[in-house]
Amino acid sequence: MTTHDDVVEERRNFLYLATGAAGAVAVGGAAWPLIDQMNPSKDVLALSSIEVDLTKIPEGTSAVFLWRKNPVFVRHRTEAEIARARADDNAPDLVDPQADEDRVQRPEWLVMSGVCTHFGCIPLDQQGDFGGWFCPCHGSHYDISGRIRRGPAPANLPVMGYEFLNDTTIKIG
Amino acid sequence: MASEHKFDPTNPTLKWVEDRLPLMGLIYNAIGAGFSAPRNLNYWWNFGVLAGFMLVVQIVTGIVLVMHYVPDVNLAFDSVQHIRRDVNYGWLMQAIHANGASMFFIVVYIHILRGFYFGSYKSPREVLWFLGIIIYLLMMATGFMGYVLPWGQMSFWGATVITNFFSAFDFIPFIGDGLVEWLWGGFAVDQPTLNRFFSLHYLLPFVLVGVVILHIWALHIPGSTNPLGIDANGPYDKVPFHPYYTAKDAFGLGVFVIFFAAFVFYIPDFLGHPDNYIKADRLKTPAHIVPEWYYLPFYAILRAIPDKLLGIVAMFASILIMFAMPWLDGSRIRSMRFRPLSKIFFWIFVINGLFLGYLGSISPDEILWFGFEAIVYAQISTLYYFAYFCVIMPVVSRMETTLPVPTSIAASVLEANRKG
């Protein structure tokens, strides 16, 4: 039989629960601005892009540009380098397998991030065991297509969005 | 610990205040004559006080440095040089603060190893031990963020590498992907990163003060352990903290300050890295990135494991595993004085830790003895590091034949005195 006391008890439990739930929502709502303020701000997020004049990069050399405060590698590859990259498409030591063809728009121009996928250092050009890049921080070797071949990095150097405005200019971002 | 002496001021003014706010009694019972400690504490028991001293030194010099430092990517580096060259006594404050971080870690490492050797983590002091590990973790975070503030090459690239540790967690749904950008406030270490590190570097030491108070509070429940590792029972086993240990700590402090001063006045840049006197350049990674010496063993563990995620996990685990020590060690005896086999493994552990530190300071592909690369030695050392906690400690502590333990502290001290 339901007594008066039971009803009071039940009502009190409901009030505890409701108060607790409302409190949790309030705390969460108050915490979110405090957490989200640390995310990149509007001006940082504002889409930025850079244009790169390719005529200044002779065949067989690379140039480094800053895009969104991070280095971007642009390499003007030689025929031999392209051949080497393509020959390695099925190499058994590819950690993050990807065909060279999928990493470039035009084979002679390799455009990719210059941030090591391990802990963010900048790999050195034309060093390492695969004729590509070598990261001095923890010893990751990238090949001439920017694919990770040996060392602790888990992924290839990422290719970001870019477009050819004409034969000698690209727009990154 | 219940005190034998009660704070009872005779001065009427003091008594009037004490009746209304018993603050002096609190201090008297915490570190005065109202707190009694085992009579046989040796100099290894100085290092807790030294660590507390260093925390105060860092806070005081830090507050002064902030009066001149500018947390701006274009000005930070120059403002530190301004402090070192132009500000009155700035050279002294900066040298004390920069070397003070190293001194703080030295005394804390000795304090922690004291705890290992004398079984300070064992019942009933587990919570005291946990609070100590939390203090150590907070110190590491604070030290790291402080090192970023001068905005030199090592500051910048150290910040880049260490914040990138969290990119290993990108597999976690919802938060993993944006975690590093959230830490940075951008797409790379930049102004927002420097600003927030400055804010947190100022905040965390005061959080440390709070945890230190909890640490001391937890210490006062069972009281200090002692070199024999047996409980102090009754008045014959103990002496009042003041004047006995205030005097002993003051002497130790004097010796320590001489050591500290030798660095500050004669070799202020010895523990620093030359690359950090080059302004941060986001297009040029230094050829050889090394963290500050006090992180080197953990850096070696990180690099010993060729997988990014597992390396990070091992590095965090190498510290967090200390939380399990009260249960990994099954011995009924605290002090290693009576645990001959444990003692050997302990000292190997210490040497192994120093060796890991050395390995962390050199390139992993450097060729060492017998033609093996440094990474091979780092892997062996890392294996011993974890085996010490996961295999040696649980097994040896439960199997070894221990030596006879004295019946009381007083009996042991009197016996030693009788032998002269």
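A search of the whole structure finds 52 aromatic pairs over all chains; rings of Phe, Tyr and Trp (its six-membered ring) count as a pair if their centres lie within 6.5 Å, and planes under 30 degrees apart are called stacked, over 60 edge-to-face and the rest tilted. The model is a predicted one, in which local features need pLDDT of at least 70 and side-chain atom pairs count only at pLDDT 80 or more, while totals for chains, interfaces and linings use all residues. Residues are numbered from 1 along each chain as its sequence is written, chains are lettered from A and ligands numbered from 1 in the order in which they are written, and side-chain values use heavy atoms, with hydrogens and water left out.

Let me begin with the rings. F166(B) and F169(B) have ring centres 6.3 Å apart and planes at 45 degrees, so this pair is tilted. F169(B) is buried at 18% relative accessible area, whereas F166(B) is partly exposed at 29%; buried means under 20%, exposed over 50%, and partly exposed in between, with a 1.4 Å probe and protein chains only.

Y202(B) and F206(B), by contrast, are stacked, at 6.1 Å centre to centre and 20 degrees between the planes. Both residues lie in helix α9 of chain B, 4 residues apart, about one turn of the helix; helices are DSSP runs of H or I with at least four residues, numbered from the N terminus. Ring pairs also link a cluster in chain B that includes F116(B), W129(B) and Y385(B).

Two charged side chains sit over rings, by the criterion that NZ of Lys or CZ of Arg is within 6 Å of the ring centre and within 35 degrees of the ring normal. R114(B) lies over the face of W45(B), 4.6 Å from the ring centre, and K248(B) lies over Y43(B) at 4.5 Å.

I turn now to salt bridges. The structure holds 23 of them over all chains, each being a side-chain nitrogen of Lys or Arg within 4 Å of a carboxyl oxygen of Asp or Glu.

What does R339(B) pair with? One partner is D329(B), at 3.0 Å from N to O, and another is E400(B), with the closest N and O atoms 3.8 Å apart.

Finally, D190(B) bridges to R282(B) at 3.2 Å. D190(B) lies in the loop between α8 and α9 and R282(B) in the loop between α10 and α11, so the pair ties together parts 92 residues apart in sequence.

Conventions: Helices (H or I, at least four residues) and strands (E, at least two) are DSSP runs, numbered from the N terminus.
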